[in-house]
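Hi everyone, thanks for coming. Let me put the structure up on the screen so that we can walk through it together.

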Amino acid sequence: MLIKLIEIHNISGGNSSVRELYINSSNIVSITEETHSAILEEAKILGFSDVAHFSSVIIQEGNRTKTITVAHSPQ
């Protein structure tokens, strides 16, 4: 099943942006709550509320994994 997430995406030059991302739920390895202050500060700059929750999602891509930061709680 595909799920829609809002990703905090780092682009070249150290700038970040927000984009929608659809991933296959069977490719998710783990989800953990994101508490790093740098991510939270960047989210504020991007316009997220102080009460927004963020998570790190590890995704299996073939024989490697990729970690993304999303604007969702682990639940």
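What you see is a predicted model, in which local features need pLDDT of at least 70 and side-chain atom pairs count only at pLDDT 80 or more, while totals for chains, interfaces and linings use all residues. Residues are numbered from 1 along each chain as its sequence is written, and side-chain values use heavy atoms, with hydrogens and water left out.

Let's begin with the sheet. When I say helix or strand, I mean a DSSP run, numbered from the N terminus: H or I with at least four residues for helices, E with at least two for strands. And two strands pair if DSSP finds at least two bridges between them.

In what order do the five strands of the open sheet lie? Reading across, the order is β2-β1-β5-β4-β3, and the pairing is antiparallel. At the edges we have β2, residues 16–24, and β3, each of which pairs on one side only. Direction ignored, neighbouring strands of this sheet are turned by 35° against each other on average. For that angle, axes are lines fitted to C-alpha atoms (for helices over the stretch in contact), and angles run from 0 to 180 degrees between N-to-C directions.

Now have a look at the β3 side. Strand β3 covers residues 28–33 and β4 covers residues 55–61; they pair in the antiparallel sense over five bridges.

The hairpin of β4 and β5 has two residues between the strands, and in it G62 takes a positive phi near 65°.

Next, strand β1, where I'd like to show you two residues. I'll call a residue buried under 20% relative accessible area, exposed over 50%, and partly exposed in between, using a 1.4 Å probe and protein chains only. Contact means heavy atoms within 4.5 Å.

N10 is found in β1, which spans residues 2–10. Is N10 buried or exposed? Its relative accessibility is 56%, so N10 counts as exposed. If we leave aside its neighbours within four places in sequence, N10 is in contact with N15 and S16.

With a relative accessible area of 5%, E7 is buried. Again leaving aside neighbours within four places in sequence, the contacts of E7 are S17, V18, R19, L21, I68, T69 and V70.

One name in that list brings us to charges. Side chains of opposite charge can pair when their charged atoms come close. A salt bridge here is a side-chain nitrogen of Lys or Arg within 4 Å of a carboxyl oxygen of Asp or Glu. How many salt bridges does the structure hold? There are five.

One of them joins the side chains of E7 and R19, at 2.9 Å from N to O. This pair links distant parts of the chain, with E7 in strand β1 and R19 in strand β2, twelve residues apart. R19 counts as partly exposed, at 34% relative accessibility.

K44 and E41 are three residues apart in helix α1, residues 37–45, so they are separated by about one helical turn. K44 also forms a salt bridge with D50, where the closest N and O atoms are 3.8 Å apart. Together, E41, K44 and D50 are linked in a network of salt bridges. As for accessibility, K44 is partly exposed at 44%, E41 is partly exposed at 43%, and D50 counts as exposed at 62%.

Last stop: the rings. Rings of Phe, Tyr and Trp (its six-membered ring) pair if their centres lie within 6.5 Å; planes under 30 degrees apart count as stacked, over 60 as edge-to-face and the rest as tilted. The structure holds one aromatic pair. The ring centres of F48 and F54 are 5.3 Å apart and the planes are at 85°, so the pair is edge-to-face. F48 counts as partly exposed at 22% relative accessibility, whereas F54 is buried at 3%.

That's the tour, thank you!
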